[in-house]
Amino acid sequence: MTAARSSIGGFVSQFMSGKGHGEINMRTNKILGIVFPNTHDDLIYELTEKRATGSIPFGARYRMIDFSLSNLVNAGISKVCIITKANYQSLMNHLGNGKPWDLDRKNGGIYILSPFSTGKSGVYTNHIEAIYGEMEFIKNSPEEYVVLCDADVVMNFDVEDMVRQHSRTNADITVCYKNGYLPKKHPDTMSLEVDQQGRVVDILVSEQTDEQRDFSLDVILLSKKLLIRLIEDANSRSRKNFAKDIMQKNVQELRIFGYKVDSYAVVIDSLISYYNTHFDLLNDSDIRRQLFTSQRPVYTKTRDDMPTKYGLHSYAVGSLVADGCKIDGTVINSVISRGVCIGENAVVKNCIILEDSVIGNGSQLDNVIVDKLVRVNAGERLSGTKHNPMYVHKNTDV
């Protein structure tokens, strides 16, 4: 297997950054970003009925994919391809030409690849099929390295530092990980055993445990040549599982290193994890600082709204309220997205209200997730619990 190892040394000697031996200058645009926006759509089926996981609204004004894209472009990666699968109209509307992320370029930029672009593999069912289906695009790209990432992780981390470690350790593959409790519903989560040098010496897949573990955040860096070889080999042997058939299978043969993320990072694998992550954001200022830092901004599609208007008898406390809203009622410990209207004497408590929804006069909502363009009629009472929030589907009239 050593013959397949990427020629990191030659790459580094050609593109030294001057900050120390083995550092890759990210501004040379030698890295291709690949984002999977439909990762595990079925785990959050309530929110992905009409959209991809990557286009799920988050934090009053963002989409889930904004974190992956911002992490890449903040490191100087200027070419990103989005391998779509289904329900990607909303995603395309959000991404546009990539301008909010500075990806509207003549050279590089953003590429939205449809699942039928090769005419061979059809709609993929896993990452191996997805990458193999776009192999012609990947082979024709001049970049020498690839960063693979899913769009179901909320985190803000330094990709550039991850790349420096990749070079310094002479790794074949570097996988981003954190220590904590495993995502409860996420299939194929990789639990990593990492030695003192940072090398991954063992990988368990879908481990069942209530103890804290080092587990993958599904951001993976490797050379393009190695990725092509691994994917073509797996495809020729009808192997379909990236975690088991590539990562776990090669843990002894390849130099796989872990890059630990100590800042806040959450895998959104259910409606309850989506709900809880918002209240982490509301209730902990340190988490807000970790996710939204001026050193690495989170970019998103802009929307030209007026400032939020608060009525004479309105009351809002402990909440995150975006611009373009009209608040005439009471908002307590809630996340209110852009363009939301909350009527007189309405009470919204412990809720997430997505864009352009209308909460009628005198309505009372507690522990409810209201999707986009919902109208809650006057006087309605909707209630869930913090362990089982109620969900109201997009474009419905309650």
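## Basis of the model

The model is predicted; local features need pLDDT of at least 70 and side-chain atom pairs count only at pLDDT 80 or more, whereas totals for chains, interfaces and linings use all residues. Residues are numbered from 1 along each chain as its sequence is written, and side-chain values use heavy atoms, with hydrogens and water left out.

Strands (E, at least two residues) and helices (H or I, at least four) are DSSP runs, numbered from the N terminus. Buried means under 20% relative accessible area, exposed over 50%, and partly exposed in between (1.4 Å probe, protein chains only). Six of the six residues of strand 6 (residues 145-150) are buried, so this strand is largely enclosed by the rest of the structure. One side carries Tyr145, Val147 and Cys149, and the other Val146, Leu148 and Asp150.

Two strands pair if DSSP finds at least two bridges between them. Strand 1 (residues 31-36) runs parallel to strand 6, with six bridges; leucine 32 has valine 146 as its bridge partner. Strand 11 (residues 213-223) runs antiparallel to strand 6, with five bridges, and cysteine 149 is partnered by valine 219.

## Salt bridges around arginine 303

A salt bridge places a side-chain nitrogen of Lys or Arg within 4 Å of a carboxyl oxygen of Asp or Glu; the whole structure has 18. Arginine 303 forms one with aspartate 305 (2.7 Å, N to O) and another with glutamate 355, at 3.3 Å between the closest N and O atoms. Arginine 303 and glutamate 355 lie 52 residues apart. Salt bridges that share partners join Arg303, Asp305, Arg338, Glu355, Asp356 and Lys372 into one network.
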